[in-house]
Amino acid sequence: MKSNGTKLLIKHLSTAFICGIIAWMYISSREFAHVSKLDQYRILSDAFLIPGLVTVLIGCLFVISNRGGLDGISFMVGRAVRMLIPGVKKKDEKYLDYVEHKRSNPLRGFGFLFSVGGTFCVISIVFMILFYQLRG
C-alpha cells in the first residue's frame, strides 16, 4: 500500500499534468511562435490562468458540496434517475436520511486542487506583470 506522501504527490503531479496539457492546448491554438513578445506574454498568462482558475473553482465546488450546498440538487437528481431508468433499484430514502448519510461520509483530500490551481494562477500573474512591464 502506498504511503500518504506518495498519494499526495501523485494527486499533485497528475493534476499539474492535466492543467499543463490544457495550457499547452491553449498555447498551441494561438500560433505562439509567430506573434510578438508582448502577445506571447499575454497568451502565456491566459494559458496558465484558465486551468488554474478552473482547478481552484472545482475545489470550491467540493467545499460547497461538503457544507451541504448541493445536497438538495444531488438528492433530486439521484431520485429522478432512479425513477426514469427502468430496472434500477428504488430506494425509499427520505431527504433527512440522505443528508445524514452525506454528513457521515464527507469528501476529504481535495486540498491539492487549491495548491495546484493557485500555483498556475501565480504563474499567470507573473506573465501578466511581464506583459505590463513590456507594454509600458
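**Entry 1. Buried side of α2**

I looked up which residues of α2 are buried, and the list reads Gln40, Tyr41, Ile43, Leu44, Ser45, Ala47, Phe48, Pro51, Gly52, Thr55, Gly59 and Ser65. I took buried as under 20% relative accessible area, exposed as over 50%, and partly exposed as in between (1.4 Å probe, protein chains only). The model is predicted: local features need pLDDT of at least 70, side-chain atom pairs count only at pLDDT 80 or more, and totals for chains, interfaces and linings use all residues. I number residues from 1 along each chain as its sequence is written, and side-chain values use heavy atoms, with hydrogens and water left out.

Next I asked what covers these buried residues of α2. The cover includes α1 (4-28), α3 (71-84) and α5 (111-135). Helices here are DSSP runs (H or I, at least four residues), and strands are runs of E of at least two; both are numbered from the N terminus.

**Entry 2. Length of α2**

I checked the span of α2. The helix runs over residues 37-66, 30 residues in total. From first C-alpha to last it reaches 44 Å, close to the 44 Å expected at 1.5 Å a residue. The expected span is 1.5 Å times one less than the number of residues. Just after α2, glycine 68 takes a positive phi of about 100°.

**Entry 3. Threonine 55**

Threonine 55 sits in helix α2. Its relative accessible area is 7%, so I log threonine 55 as buried. What does threonine 55 contact, leaving aside neighbours within four places in sequence? I found Thr15, Cys19, Leu113 and Gly117. Contact means heavy atoms within 4.5 Å.

**Entry 4. Valine 35**

I moved to the loop between α1 and α2, where valine 35 is placed. Valine 35 is partly exposed, at 28% relative accessible area. Leaving aside neighbours within four places, valine 35 is in contact with Arg30, Gln40 and Ile43.

**Entry 5. Salt bridges**

I searched for a side-chain nitrogen of Lys or Arg within 4 Å of a carboxyl oxygen of Asp or Glu, which is the salt-bridge rule. The count is three.

Asp39, Arg42 and Asp46 are linked in a network. Arginine 42 meets aspartate 39 at 3.7 Å, N to O. Both lie in helix α2, three residues apart, about one turn of the helix. Arginine 42 also meets aspartate 46, at 3.9 Å, N to O. Aspartate 46 and arginine 42 are about one helical turn apart, because they are four residues apart in α2. An α-helix has 3.6 residues a turn, so residues three or four places apart point the same way.

Arginine 42 is partly exposed at 36% relative accessibility. Aspartate 39 is partly exposed at 28%. Aspartate 46 is partly exposed at 26%.

Another bridge joins arginine 103 and aspartate 71, at 3.1 Å, N to O. Arginine 103 lies in α4 (residues 95-104) and aspartate 71 in α3, so the pair ties together parts 32 residues apart in sequence. Aspartate 71 is buried at 1%.

**Entry 6. Aromatic rings**

How many aromatic pairs does a search of the whole structure find? I got seven. Rings of Phe, Tyr and Trp (its six-membered ring) pair if their centres lie within 6.5 Å; planes under 30 degrees apart are stacked, over 60 edge-to-face, and the rest tilted.

I looked at phenylalanine 75 and tyrosine 98. Their ring centres are 5.3 Å apart and their planes are at 55°, so the pair is tilted. The pair links distant parts of the chain, with phenylalanine 75 in α3 and tyrosine 98 in α4, 23 residues apart. Both residues are buried.

I also noted one aromatic cluster, formed by Tyr41, Phe48, Phe120 and Phe127. Tyr41 and Phe48 are also among the buried residues of α2.
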